[in-house]
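The stops below are given in the order in which to select them.

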Amino acid sequence: MGEVVRWGAFSCLLVPVVLVAYGTSAWGAAAAALGLAAVTATCRALLRHSERTAARCHARTDSPHAGSHDSGTVPGARHGARRGARRGSRRTPGG
């Protein structure tokens with residue numbers, strides 16, 4: 001990921017120089033640089049999020065309890081209790 005971000009930063013510096021060299025106004029080149037910087041920052045954030053998610057999924061599949069029969073239960077819940085049910089609540093007729 002670091003190499004991709006470095007190339008993005010390099011292009012944020014190079015593109016405005018090329019634009020000014022070919023006759024674009026300094027304001028236009030600055031706007032292009034800001035746009036590229038925003039896209040680079042967003043891509044970096046998305047790549048980091050993707051890497052974290054992949055690492056989390058990989059860690060889950062490597063855990064010794066992966067695939068056990070109670071992997072989908074809520075921690076601390078009583079065996080056989082349904083999700084979303086309130087404990088001790090009973091409906092009374094007419095109430």
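Select leucine 14 to begin. In this predicted model, leucine 14 has a relative accessibility of 38% and counts as partly exposed, because that class covers values between 20% and 50%. Leucine 14 lies in helix α1, a helix that spans residues 2-21.

Now extend the selection to Trp7, Phe10, Val18 and Tyr22. Together with Leu14, these residues form a nonpolar patch on the surface. The accessible area of the five-membered set Trp7, Phe10, Leu14, Val18 and Tyr22 is about 590 Å² together.

How many aromatic pairs does the structure hold? There is one aromatic pair. Tryptophan 7 and phenylalanine 10 form that pair, with an edge-to-face arrangement. The ring centres are 5.6 Å apart, and the angle between the planes is 85°. The pair counts as edge-to-face because its planes are over 60 degrees apart. Along helix α1, the two residues are three positions apart, so about one helical turn separates tryptophan 7 from phenylalanine 10.

Colour these two residues by accessibility. Is tryptophan 7 buried or exposed? Tryptophan 7 is exposed, at 54% relative accessible area, because the cut-off for that class is over 50%. Phenylalanine 10, at 43%, counts as partly exposed.

Next, select valine 15, also placed in helix α1. With a relative accessibility of 29%, valine 15 counts as partly exposed.

Arginine 56 has a relative accessible area of 46% and is partly exposed.

Finally, clear the selection and view the whole chain. The chain contains two helices and zero strands. Of its 95 residues, 7% are buried. The accessible surface of the chain is about 8300 Å². Carbon and sulfur atoms account for 61% of that surface.

Technical notes:
Residues numbered from 1 in each chain as written. Predicted model: local features only at pLDDT ≥ 70, side-chain atom pairs only at ≥ 80, totals over all residues. Heavy atoms only, no water. Buried < 20%, exposed > 50% of the residue type's maximum accessible area, 1.4 Å probe, protein only. Helix = DSSP H or I, 4+ residues; strand = E, 2+ residues; numbered from the N terminus. Areas by Shrake-Rupley, 256 points an atom, 1.4 Å probe, with all protein chains shown as cover. Phe/Tyr/Trp six-rings, centres within 6.5 Å; stacked < 30°, edge-to-face > 60°. Patch = residues over 30% accessible without salt bridge, like charges linked within 9 Å, V, L, I, M, F, W, Y side chains within 5 Å. Salt bridge = Lys/Arg side-chain N within 4 Å of Asp/Glu carboxyl O.
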